[in-house]
Amino acid sequence: MTLLSRIRERVSSTIHDAEEAASGAAAKAEGAAATVKERARTIVSAPPAPSASTLRHAAQAAVDAARNAARGRDEKPTSGAGPGVFVGVGTSAAAGGDIGVGGQASAGYVLGAGGEVKTYGSTGVVSGSLGTAAGVGLEAGLIVSDVRDFYGDGYQLSVCPPGLVSLEMSFTRDKQLTAISVGVAKSAGAGLFHFDTHTEDTTGR
């Protein structure tokens, strides 16, 4: 027998074995499918009764869902509630002996007590001043009441002594103290300034 004949015989034998294996696998798969169909038909026609434990869990889940839905209608959302800290960059310039002129702008990050991180942007115009100051630098502060009160319309008192450090106190329109911060800036001048401010949550914008 030549080498070519041996190769042909070996290939033929391998193909035959593969065909038999595939046929056997197909038969087994068909039998398994028939068994699964039969079991599914039995379950659908006569489903098993739920256990007492399953019924208790389902009833408790329904009660919890109803209670949470009622609470959601009556209570304010608590996401972002509580004190926090903020850090950002800002610039300001103000001058005058009474009403004054000038403004401020800042932006940065707010970290709430619950771990929420948001971005903020704040602008303000001078509504009262005593002195002259201008600067740009970093600001960091503590939100003393509620992070949610940090946003919206309010006002800020800024004390700028000679040097690099300034102190700011922020209030809501209802004169509630919301934040105390320190600014470290490259600045010139000194004074006491009152800014009408508006602060927004700029996260996602």
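A salt bridge here is a side-chain nitrogen of Lys or Arg within 4 Å of a carboxyl oxygen of Asp or Glu. The structure on the screen is a predicted model, and a search through the whole of it finds 3 salt bridges. I will take them one by one.

I start with D146 and R148. Their side chains meet in a salt bridge, with 3.0 Å from N to O. Is D146 buried or exposed? D146 has a relative accessible area of 14%, so it is buried, since the cut-off for that is under 20%.

Next, K118 and D201. These two form a salt bridge in which the closest N and O atoms are 3.5 Å apart. Where in the chain do K118 and D201 lie? K118 belongs to strand β3, residues 117-143, and D201 to strand β6, residues 177-201, so the pair ties together parts that are 83 residues apart in sequence. As for accessibility, K118 is partly exposed at 30%, and D201 is partly exposed at 25%.

Last, R173 and D196. The side chains of R173 and D196 form a salt bridge, at 3.5 Å from N to O. This pair also links distant parts of the chain: R173 is in the loop between β5 (165-172) and β6, D196 is in strand β6, and they are 23 residues apart. R173 counts as partly exposed, with a relative accessible area of 46%. D196 is partly exposed as well, at 27%.

That is the set. Questions are welcome.

Terms used:
Residues numbered from 1 in each chain as written. Predicted model: local features only at pLDDT ≥ 70, side-chain atom pairs only at ≥ 80, totals over all residues. Heavy atoms only, no water. Helix = DSSP H or I, 4+ residues; strand = E, 2+ residues; numbered from the N terminus. Buried < 20%, exposed > 50% of the residue type's maximum accessible area, 1.4 Å probe, protein only.
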